[in-house]
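Let us take a friendly walk through one protein chain. Keep the sequence and the 3D view side by side as you read.

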Amino acid sequence: MSLPIDTQAPEFTLPDQTGTNHTLSQYKGQWVVLYFYPKDDTPVCTIEACSFRDMADEYKKHDVVILGMSKDSVKSHTKFAVKHQLSFPLLSDESAETIKAYDVWGMKKFMGREFEGIHRVTYLIDPRGMIRKVYDKIKATEQPEEILKDIQSFTA
């Protein structure tokens with residue numbers, strides 16, 4: 001479940017935790033880490049967000065934009081971002097239109113129960129808007145460092 005590498009990343013316009021709209025095209029010329037996560041303020045989602053937060057300065061040095069996305073509301077994102085001092089946009093896609101465009105919506109299993117939801121997938125998008133790498137086997141604490149190393153290898 002994910003889009004293939006070397007394809008154009010789907011465009012979107014979505015609000016962040018402050019209500020400010022973001023589009024993918026506004027970040028042309030920069031690397032973008034677009035990570036999809038199931039739910040604000042749940043254990044693994046919090047670890048993942050805080051891991052990106054802790055490396056945000058390093059990402060800025062390399063002109064890399066971090067964007068998180070889930071179906072949670074702007075209000076939920078606001079609480080989550082304030083509580084954990086997140087310094088990057090958390091995009092709200094309540095309709096799941098963009099989530100589906102990135103092929104990260106589907107059947108999941110949790111505690112023996114099946115349901116539809118967001119798969120934890122991260123896309124690395126290059127300055128031209130092309131998908132360069134897809135991370136779908138994620139270790140929340142290690143992911144930000146792995147992605148930064150990949151960006152450095154792509155730009156070396």
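**Ground rules**

This is a predicted model, in which local features need pLDDT of at least 70 and side-chain atom pairs count only at pLDDT 80 or more, while totals for chains, interfaces and linings use all residues. Residues are numbered from 1 along each chain as its sequence is written, and side-chain values use heavy atoms, with hydrogens and water left out.

**The whole chain**

Start with the secondary structure: the chain has five helices and nine strands. Here helices (H or I, at least four residues) and strands (E, at least two) are DSSP runs, numbered from the N terminus. In sequence order they form the pattern β-β-β-α-α-β-α-β-α-β-β-β-β-α. The radius of gyration is 14 Å, close to the 15 Å that the globule rule gives for 156 residues, so the chain is as compact as a globular protein of that length. That radius is taken over C-alpha atoms, and the rule is 2.2 Å times the number of residues to the power 0.38. The C-alpha trace spans about 45 × 30 × 30 Å along its principal axes.

How much of the chain is buried? Of the 156 residues, 47% are buried. Buried means under 20% relative accessible area, exposed means over 50%, and partly exposed lies in between (1.4 Å probe, protein chains only). The chain exposes about 8000 Å², and carbon and sulfur atoms supply 52% of that area. Such areas come from the Shrake-Rupley method with a 1.4 Å probe; for residues, only the protein chains shown count as cover.

Contacts (heavy atoms within 4.5 Å) tell you about the fold too. Among those between residues at least 6 apart in sequence, 64% join residues at least 24 apart.

**Two nonpolar cores**

A nonpolar core is a set of buried Ala, Val, Leu, Ile, Met, Phe, Trp, Tyr and Cys residues joined through side-chain atoms within 4.5 Å. The largest one has 22 residues, and Leu34, Phe36, Tyr102 and Tyr123 have the most contacts inside it. Strands β3 (31-36), β4 (64-70) and β8 (121-125) are the elements that give two or more residues to this core. A second, separate core has 21 residues, including Phe80, Ala81, Leu90 and Tyr135.

Not counting residues up to four places away in sequence, Phe36 touches Met69, Ile99, Tyr102, Val104, Ile118, His119, Arg120, Val121 and Tyr123.

Next, find Ala81 in helix α3 (residues 74-83). Beyond its neighbours within four places in sequence, Ala81 is in contact with Gln17, Leu86 and Leu90. Asp40 is 41 residues from Ala81 in sequence, and their C-alpha atoms are 8.9 Å apart.

| Residue | Relative accessible area | Class |
|---|---|---|
| Ala81 | 7% | buried |
| Glu48 | 0% | buried |
| Ile66 | 5% | buried |
| Lys39 | 44% | partly exposed |

Where is Glu48? Glu48 sits in helix α1 (residues 43-54). Leaving aside neighbours within four places in sequence, its contacts are Tyr35, Tyr37, Arg120, Thr122, Ile138, Ala140 and Gln143.

Ile66 belongs to strand β4. With neighbours within four places set aside, Ile66 contacts Val33, Tyr35, Phe52, Ala56, Tyr59, Phe88 and Pro89.

Lys39 lies in the loop between β3 and α1. Apart from neighbours within four places in sequence, Lys39 is in contact with Cys45 and Asp72. Lys39 and Asp72 are 33 residues apart along the chain, and 6.6 Å separates their C-alpha atoms.

**Two positive phi angles**

Most residues other than glycine have a negative phi. Ala96 has a positive phi, near 65°. Ala96 is in the loop between β5 (90-92) and α4 (97-101), and counts as buried at 1% relative accessibility. Asp103 also has a positive phi, near 60°. Asp103 is found in the loop between α4 and β6 (105-110), and at 30% relative accessibility Asp103 counts as partly exposed.
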